[in-house]
Amino acid sequence: MLSYTVYSEAGGVGKTSLTANVAKAHERAGLDVLVVPLDPQDGNFSRLFDVDDDRTDSSADSLVRHLVGSPAGNFEDLIRTAEGIDIIPEHNTLSDLSDHLAREKSRAEDFGDAYNIYAQLRRVLGENDVPERYDVLICDPPATESDHLYNAIYATRNLLIPFEPSAKGEASVEGLEQLATNFADQLSIDVGVLGVIPIGYKNTKDQKEILDQVPFEVPEVIGDRTSMMEGCWRQQCSAFEFVRTHRSTRRDYEVETLAQFDRIARFIEAQGGVEAPNPLEPGFVAEREEVTL
Ligand SMILES: Nc1ncnc2c1ncn2[C@@H]1O[C@H](COP(=O)(O)OP(=O)(O)O)[C@@H](O)[C@H]1O
Ligand SMILES: [Mg+2]
């Protein structure tokens, strides 16, 4: 199974939008995809795919319950599917994840057992055969340093880094090189960087100079697509679905952005040694009539 965490140091860069569309690009090429979003705040991945209806239901089972060893149901039943992508929706209990994990750790230590707070997502996924059942696992944790982020990185071991090429982003180019090494040291694991994806690129001289300094592979540079991305959040769907069902006329630059998501997915798959069984022409979107059943 190919697994990675979409990580950026700053929030609001377009991390969740990128996760959604690269996940969709894997899925439409015939791969089995599981996304585990871990953002305790609203306006996250589960909202984008409209699978967050249980998030405030305190009696509902949740991933957090499984992470701390108090499941209230089968792991299987946590999974929802949207646009062919399997998702473990975010639940409000994610806000209290750190407290719950700390409590579990102290309980384990009372009995003289070792307990790794950061290894719990990996444990739950492993115990439920996720690595055998899926081709691709993607985590979308919050940008802030947190147990959510560390659990995601510990479980996936690879990073895909969306990046805003602005003056603000320039400072973080310098940090990029150190990033994976720091996580690796902190968690005592190897962490790879699959690539860096600049988002909201406006092709200015300053931005070009910043891009030249990025110390990792940059498979694609995503332009400013405010209208399409806002449309996705409004209609609660991927950009592929948005263009297919909510745009009466195709706009070449939007279709080209879809092609970029497809190519990013192929690039990542190649690095992970995964071959998609049915890769479409990049950016291909069926006409509405053709797909109506
Ligand atoms: N390529 C893009 N061009 C313009 N706006 C974008 C792009 N990608 C995402 N956005 C917008 O940026 C905002 C933050 O996106 P989101 O994916 O939630 O970021 P994050 O997960 O990093 O907080 C949203 O309003 C989204 O529509
Ligand atoms: Mg997000």
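1. Two residues are in contact here if their C-beta atoms, placed from the backbone, lie within 7 Å. The structure is a predicted model. By that criterion, and leaving aside neighbours within four places in sequence, Val 274 is in contact with Leu 2, Leu 31, Asp 135, Val 136 and Glu 269. Val 274 lies in the loop between helix 12 and helix 13 (288-291).

2. An open sheet of eight strands has the order 3-4-2-5-1-6-7-8, and its pairing is mixed. Strand 3 (80-82) and strand 8 (222-223) form the edges, each pairing on one side only.

3. Strand 1 (residues 2-6) runs parallel to strand 5 and is joined to it by four bridges; Tyr 4 stands opposite Ile 138 of strand 5. Strand 2 (residues 33-37) also runs parallel to strand 5, with five bridges between them, and here Val 33 stands opposite Val 136.

4. How many of the five residues of strand 5 are buried? Five of the five are, so strand 5 is largely enclosed by the rest of the structure. Side chains in a regular strand alternate between the two faces of the sheet. In strand 5, Val 136, Ile 138 and Asp 140 on one side and Leu 137 and Cys 139 on the other are all buried, and both faces are covered. Note that Asp 140 is among the buried residues. Helix 7 (residues 147-156) lies across strand 1, strand 5 and strand 6, running at about 155 degrees to strand 1.

5. Further along the sheet, strand 6 (residues 158-163) and strand 7 run parallel and are joined by six bridges. Leu 160 has Gly 195 of strand 7 as its bridge partner, and Pro 162 stands opposite Ile 197 of strand 7. Strand 7 is joined to strand 8 by two bridges, again in a parallel pair; Tyr 201 has Gly 223 in strand 8 as its bridge partner. Nine of the ten residues of strand 7 are buried, so this strand is largely enclosed by the rest of the structure.

6. Helix 1 (residues 15-28) meets helix 12 (residues 252-272), their axes coming within 8 Å and crossing at roughly 70 degrees. The two helices are therefore roughly perpendicular to each other. Helix 1 contributes Asn 21, Val 22, Ala 25 and His 26 to the contact, and helix 12 contributes Phe 261, Asp 262, Ile 264 and Ala 265. These residues divide into five nonpolar, two polar and one charged.

7. Ala 23 also lies in helix 1. With 29 other C-beta atoms within 10 Å, Ala 23 is buried. Leaving aside neighbours within four places in sequence, the contacts of Ala 23 are Val 33, Val 35, Ile 85 and Ile 138. Ala 23 and Val 35 are twelve residues apart in sequence, with 7.6 Å between their C-alpha atoms.

8. Which residues come nearest to ligand 1? They are Gly 14, Lys 15, Thr 16, Ser 17 and Met 229, out of 17 residues around the ligand. Helix 1, strand 7 (192-201) and helix 10 (226-235) each supply at least two residues of this shell. Helix 10 gives the most, with four residues. By type, the shell residues divide into five nonpolar, eight polar and four charged.

9. Helix 10 also packs against another helix. The axes of helix 10 and helix 11 (residues 239-246) come within 9 Å and cross at roughly 85 degrees, and the pair is therefore roughly perpendicular. Met 228, Gly 231, Cys 232 and Gln 235 of helix 10 meet Ala 239, Phe 242 and His 246 of helix 11. The residues of this contact divide into four nonpolar, three polar and no charged.

Methods:
Residues are numbered from 1 along each chain as its sequence is written. Chains are lettered from A and ligands numbered from 1 in the order in which they are written. This is a predicted model: local features need pLDDT of at least 70, side-chain atom pairs count only at pLDDT 80 or more; totals for chains, interfaces and linings use all residues. Axes are lines fitted to C-alpha atoms, for helices over the stretch in contact, and angles run from 0 to 180 degrees between N-to-C directions. Angles under 35 degrees count as roughly parallel, over 145 as roughly antiparallel, 65 to 115 as roughly perpendicular and the rest as oblique. Ala, Val, Leu, Ile, Met, Phe, Trp, Tyr, Cys and Pro count as nonpolar, Asp, Glu, Lys and Arg as charged, and the others, Gly among them, as polar. A residue is near a molecule or strand if its C-beta atom, placed from the backbone, lies within 6 Å of it. A residue is buried if 20 or more other C-beta atoms lie within 10 Å of its own, exposed if 12 or fewer, and partly exposed in between; C-beta atoms are placed from the backbone. Two strands pair if DSSP finds at least two bridges between them.
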